[in-house]
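Here is a short report on one protein chain. Look over the sequence and the structure first, then read on.

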Amino acid sequence: SSKPIAHCIVIFFLTYGFMGIEYVSIELDDPFGKDENDFDNLRMAFVDFEDTYVQIAESDGPEWADKLRLRLDDPNNHDMIPEEAALWIRPLGEPAGAV
């Protein structure tokens, strides 16, 4: 004699678990999109650039970090930078170590 209540409970939790896995797969479907929980690769790129400038400023001096920043900073590309990314860009007048 089987217990139908126990079977229904097991089936409920299995279904609930599979629905949870499906929801996670939907959320992970496009990790580099524009949703709130997506990975912000543009911000990470700017953080990496700033870390590079700081490391060069500490090892070779701030003048070399500023030379690298001037070489990589093309004024023609400023229109392509989104507004939220512009908050992460340090102005050229600031010292390289002041991040």
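**Overall make-up**

This is a predicted model. The protein chain has 4 helices and 0 strands. From the N terminus on, its elements run α-α-α-α. Buried residues make up 13% of the 99 residues. The chain exposes about 8400 Å². Carbon and sulfur atoms supply 62% of that area. Among contacts with a separation of 6 or more, 45% join residues 24 or more positions apart.

**Helix H2 against helix H3**

Helix H2 covers residues 41-60, and helix H3 covers residues 62-72. The two pack at an angle of about 145°. Their axes lie 6 Å apart. The table names the residues that make the contact.

| Helix | Contact residues |
|---|---|
| H2 | Phe49, Glu50, Thr52, Tyr53, Ile56, Ala57, Asp60 |
| H3 | Pro62, Glu63, Trp64, Ala65, Leu68, Arg69, Leu72 |

By class, the residues of this contact divide into 9 nonpolar, 1 polar and 4 charged.

**A nonpolar patch**

Ile5, Ile9, Phe12, Phe13 and Tyr16 make a nonpolar surface patch of about 610 Å². One of these residues, Ile9, lies in helix H1, which spans residues 4-27. Why does Ile9 count as partly exposed? Its relative accessibility is 44%. Partly exposed residues fall between the 20% limit for buried and the 50% limit for exposed, so Ile9 at 44% belongs in that middle class.

Notes: Residues are numbered from 1 along each chain as its sequence is written. This is a predicted model: local features need pLDDT of at least 70, side-chain atom pairs count only at pLDDT 80 or more; totals for chains, interfaces and linings use all residues. Side-chain values use heavy atoms; hydrogens and water are left out. Patches are made of residues with over 30% relative accessible area and no salt bridge: like charges are joined within 9 Å, nonpolar side chains (Val, Leu, Ile, Met, Phe, Trp, Tyr) within 5 Å. Accessible areas come from the Shrake-Rupley method with a 1.4 Å probe; for residues, only the protein chains shown count as cover. A salt bridge is a side-chain nitrogen of Lys or Arg within 4 Å of a carboxyl oxygen of Asp or Glu. Buried means under 20% relative accessible area, exposed over 50%, partly exposed in between (1.4 Å probe, protein chains only). Axes are lines fitted to C-alpha atoms, for helices over the stretch in contact, and angles run from 0 to 180 degrees between N-to-C directions. Contact means heavy atoms within 4.5 Å. Ala, Val, Leu, Ile, Met, Phe, Trp, Tyr, Cys and Pro count as nonpolar, Asp, Glu, Lys and Arg as charged, and the others, Gly among them, as polar.
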